[in-house]
Amino acid sequence: MKYVNKILKKSSTRIGFLILLASLFWLKTILAYFIDFKLGIQNPFQFFIVLINPIATTVLLLGIPLYFKKSRIFYPVAFLVDILNTVLLYLNVIYYREFTDYMTVSTMTGYSKVNQGLSGSSLALTNIHDIIYWIDIIVVIGLILFKKIKLDHRPLNKRIGLAVTSSAVLLFMVNLSLGEMDRPQLLGRTFDRSYIVKYLGLDAFTVYDGAKSQHNNDLRATATKSELTKVQKYTNKHYAKPNKKYYGVAKGKNVIVLHLESFQQFLIGQKINGKEVTPFLNKLYKSKSTYAFRNFFHQVGQGKTSDAENMLETSTFGLPQGSLFAQLGSDNTFQAAPAIFKQRAGYTSAVFHGNIASFWNRNNVYKNMGYQNFFDASYYDTSGDRSLGYGLKDKLLFHDSIKYLQNLQQPFYVKFLTVTNHFPYDLDKEDTSTNFKTTTTDDDVVNNYFLTAHYLDQSIHEFYRYMKKSGLLKNSMIVLYGDHYGISDSENKNLAKALGKDPSEWTDYNDAQFQRVPFMINIPSRKDGFVSNKYGGEIDFLPTIMHLMGISTKRYIQFGTDMLSKQHDQLVAFRNQDWVNPQYTSIDNNIYSNKTGELAKLTKQQQKQVKKDKKQVNQELSLSDSLNEKNLLRFYHPKGFESIDPRKYNYANELQKAIKIEKRLGNKSTSLYSKNGNKSTTSLYKTNAPEIHHKTTDSNRIKITNPDATNNESTR
Ligand code: GP9
Ligand code: MN
């Protein structure tokens, strides 16, 4: 009681009153963090950041009333700020219950295409404990009415306001640096909204998001159709017509994209201690049913996986900074693979990924792209040792996906996003195979990379065995690709050592050459496979695949060209404006000869060609940026393309929905399940994943959703 009286007395001064409001607001924010939101706190340091992150912005906001001398204004302003801030917190609590995500400014203002935000039905999401968000305000008002807290009418010195504001700013800077320490490039890359809330708090997230969407809106508002014409002029001229020999050879087949996380081309055929790192993929690479490319480059920027996905689905580039998925993906108009395949050839589409849906904003982007199904971490058991840093282990991802895959109508376009071969390449001992020993260099990243790549190879092999047994293989085209480098430039010298090369001779040129990733198109029904020397990159993926499927690309805006076409353009642009072509590699405008690996001595004629290439690289990157940043595709209506209404997409209860479709179609259903005489095919799947056979729930294990991204996140 004495203590309470003391607080009440202190609260009867203006500063004391603000401290009371601020402490109560801090307390309820923390309660929201732990009761309603899932921030995925991974270590004590993150716990500490979460505890302090509401302070700076609360002090900043509750410092505003200090600028008002008169108590008549001071107290109402203080309440207003506190109430508005509580409204923001509470709306997010309700929104989170429905969408497992935080409210963006465009959702609040009703601008968002993906979802309308809160509706009447959201009221159903209120909870009895929600009273904690409001009770403090009610109690404080009561205490004032009953004169337990007295109003302080003495005028305030304005300098106090300034002092409080500046301390809040300083505090925020400290908070931000702590966040960046744990999560480099936190704001630059915006992996996931939940990260910004975790490190900087809800207020900071809202302001940051508001500023970004204002910027996007400004850019879009200035957009004109003539800018679209410019883009179109370029892509029309650049179009490469299909090669008759390959056009439509995979018509009507399922398209199964296997995303090989952080997988570089040098792994193909690589032996360590006399053993192949990826024996199965090596076989596939050389198979007579595979069209493989040895000079295929990743072209991602800071958006890494999401940039690769964007290029694959749309044949437009990622952004010069940050991730297109995260920055524009919620509202942009896409004319992407799943929508095109559905509309032109009746394909069902699905993504299988054992990480949380909000990572890289996939939950929103996929809807705008027209993905019909998204099986994210919530569809899998990711507990205990079943998952690592970025989610469900690959062997389990494939194994546990069959029960969903088999109910989808064929032909389907599906994508499996693997995660185990991801920096820092952690793998549990139980998942390492006894007959493959990795290198023993001083660099554990390099040593472990071979182990996780080996594991990924086994996962793919198991999935292939299932595809063969279930009959899926012969009706499918399987496309495998590596999304980006796994070993960063800063570690390439250590890699060189592991590969028996001299690290002292390693140059920028070698770094660039190591940006090769696999691109293999395996069509088991074909016997005319090859390994091509043609140069290309991720931007070329979609036109190549479409032509194989027998779908013309002519009417779409795409920056890549079909790698099987005789007119294919072999100039490969990197996102930082470096480039390669079959003769040269340009790094920071230094031109290297691919023959010698040395700086090239160019004739006048060659100089002219190089200049032309450089111009084209800049042109295509900037046209792609203008297309995406200004959302120009909303003005473009290719023949027969029905625009996507993302609100019609919902990724809950996918299996039930698929079964309903099966039932409706009856004996016309083309799912694997129906084709198998309405019997499950899951028993055909054989995996040696130890996690299947035992159950462990070690709560100290790394939980998914909070990958520890440290030094490997630099981009080219
Ligand atoms: C996360 C996974 C990894 O879901 O796709 O993304 P990355 O860090 O490679 O961009
Ligand atoms: Mn990746």
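Guide: Side chains of opposite charge can pair when their charged atoms come close. In this predicted model, Arg362 forms a salt bridge (a side-chain nitrogen of Lys or Arg within 4 Å of a carboxyl oxygen of Asp or Glu) with Glu309, and the closest N and O atoms are 2.9 Å apart. Because Arg362 belongs to helix α16 (residues 362–369) and Glu309 to helix α13 (residues 304–314), the pair ties together parts that are 53 residues apart in sequence; helices here are DSSP runs of H or I with at least four residues, strands are runs of E with at least two, and both are numbered from the N terminus.

Visitor: Are Arg362 and Glu309 buried or exposed?

Guide: Burial is read from relative accessible area, where buried means under 20%, exposed over 50%, and partly exposed in between, with a 1.4 Å probe and protein chains only. Arg362 is buried at 2%, and Glu309, at 0% relative accessibility, also counts as buried. Elsewhere, salt bridges that share partners join Lys393, Asp428, Glu430, Asp431 and Glu691 into one network.

Visitor: How many salt bridges does the structure hold, and which residue pairs with Asp130?

Guide: There are 18 salt bridges in the structure. In one of them the side chain of Asp130 meets that of Arg97, at 2.7 Å from N to O. Asp130 sits in the loop between α5 (105–108) and α6 (135–145) and Arg97 in helix α4 (residues 71–99), so this pair connects parts that are 33 residues apart in sequence. Asp130 is buried, with a relative accessible area of 4%, whereas Arg97 is partly exposed at 23%.

Visitor: Which residue forms a salt bridge with Asp101?

Guide: The partner of Asp101 is Arg193, with the closest N and O atoms 3.2 Å apart. This pair links distant parts of the chain, since Asp101 is in the loop between α4 and α5 and Arg193 in helix α9 (residues 193–200), 92 residues apart. Both Asp101 and Arg193 are buried.

Visitor: Which helices do the buried residues of α6 pack against?

Guide: Packing is read from contacts, meaning heavy atoms within 4.5 Å. The buried residues of α6 are Asp136, Ile137, Val140, Gly142 and Ile144, and they pack against α2 (14–35) and α4. Just after α6, Lys147 takes a positive phi of about 60°.

Visitor: Which residues does His259 touch?

Guide: His259 is part of strand β1 (residues 254–260) and is buried, its relative accessible area being 0%. Not counting residues up to four places away in sequence, His259 touches Thr305, Phe416, Leu417, Thr418, Tyr481 and Asp483.

Visitor: Where is Asn216 found, and with which residues is Asn216 in contact?

Guide: Asn216 is found in helix α10 (residues 202–221), and at 10% relative accessibility Asn216 counts as buried. Leaving aside neighbours within four places in sequence, Asn216 is in contact with Gln327, Leu328 and Glu629.

Key
Residues are numbered from 1 along each chain as its sequence is written. Chains are lettered from A and ligands numbered from 1 in the order in which they are written. This is a predicted model: local features need pLDDT of at least 70, side-chain atom pairs count only at pLDDT 80 or more; totals for chains, interfaces and linings use all residues. Side-chain values use heavy atoms; hydrogens and water are left out.
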